[in-house]
Amino acid sequence: RYVKRYGTPVYLAYDSDTAGQNAAARVLPYFLKYAVEARVVQIPQGKDPCEFLQNTANGAGLLGEAMKRGQDLFTFRLQRLLGEMPDDPSIEARARCADEILKDLQVCRDPLRTDIYLQEVENRLKIPMNTLKNRQVVDEEVQAQRSRSTAKARQRPSISKDTAYYLLSVTMAEPGYLAEFEERFGLGTLP
């Protein structure tokens, strides 16, 4: 969010090795969340950015050229995912790729940007946009449900197995105690 104050686009210049490229792909959600335009700069000759600037004749000029060719971060991430798929991807491979990119898009707060990104996914994976949107809604609902379940689990007091068995045996023998247990232990309405 603070990066936007200094101007956009933000240019990401990571090492050209696999770890550097993976790091560039991992930051996508942060840029999507705050609608910050980011571009990935491919460092020529497979060097790290600092080494390239220091040890290459006209390194700054060449870096400037690489910045002009910088690729949109979302497109970069999508192409990396597509590159991991076989030449003739199966339905499952395409679905996994779509799920990965939809996971990244969950944080995007701008509906227009989300639609533009989904159009690009539609074009590349040949999955209709309405299917992607439906899948995204389902994923968001599952995420919300998991959050609610986790919150409920945190609210419930934990009791030992022995205590649970004791409460069960008492309530089976004397059902009238059930309401008292619910109130005393904050268990809410038991089924």
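How many helices and strands make up the secondary structure of the protein? The count comes to 10 helices and 3 strands, where helices (H or I, at least four residues) and strands (E, at least two) are DSSP runs numbered from the N terminus. The model is predicted, so local features need pLDDT of at least 70 and side-chain atom pairs count only at pLDDT 80 or more, while totals for chains, interfaces and linings use all residues. Residues are numbered from 1 along each chain as its sequence is written, and side-chain values use heavy atoms, with hydrogens and water left out.

**View 1. The whole chain, element by element.** Starting at the N terminus, the order of elements is β-α-α-β-α-α-β-α-α-α-α-α-α. Of the 191 residues, 28% count as buried (under 20% relative accessible area; exposed is over 50%, partly exposed in between, with a 1.4 Å probe and protein chains only). Among contacts (heavy atoms within 4.5 Å) with a separation of 6 or more, 60% join residues 24 or more positions apart. The protein exposes about 12900 Å², and carbon and sulfur atoms supply 52% of that area (Shrake-Rupley method, 1.4 Å probe).

**View 2. The open sheet.** Three strands line up in the order S1-S2-S3 with mixed pairing; two strands pair if DSSP finds at least two bridges between them. Strand S1 (10–12) and strand S3 (71–72) are the edges, each pairing on one side only. S1 and S2 (residues 38–40) run in the parallel sense over 3 bridges. Look here for Tyr 11, which stands opposite Arg 39 in S2.

**View 3. Helix H6 against helix H7.** The axes of H6 (residues 91–105) and H7 (residues 111–125) come within 11 Å and cross at roughly 170°. Axes are lines fitted to C-alpha atoms, for helices over the stretch in contact, and angles run from 0 to 180 degrees between N-to-C directions. That crossing makes H6 roughly antiparallel to H7 (over 145 degrees). On the H6 side, Arg 94, Cys 97, Ala 98, Ile 101, Leu 102 and Leu 105 meet Tyr 117, Leu 118, Val 121 and Leu 125 of H7. These contact residues divide into 9 nonpolar, no polar and 1 charged.

**View 4. Two loop residues with positive phi.** Ala 35 is not a glycine, yet its phi is about 50°. Ala 35 lies in the loop between helix H2 (28–33) and S2 and, at 22% relative accessibility, counts as partly exposed. Lys 126 has a phi near 60° and sits in the loop between H7 and helix H8 (129–155). At 62% relative accessibility, Lys 126 counts as exposed.

Note on methods. Parallel < 35°, antiparallel > 145°, perpendicular 65-115°, else oblique. Nonpolar A, V, L, I, M, F, W, Y, C, P; charged D, E, K, R; others polar.
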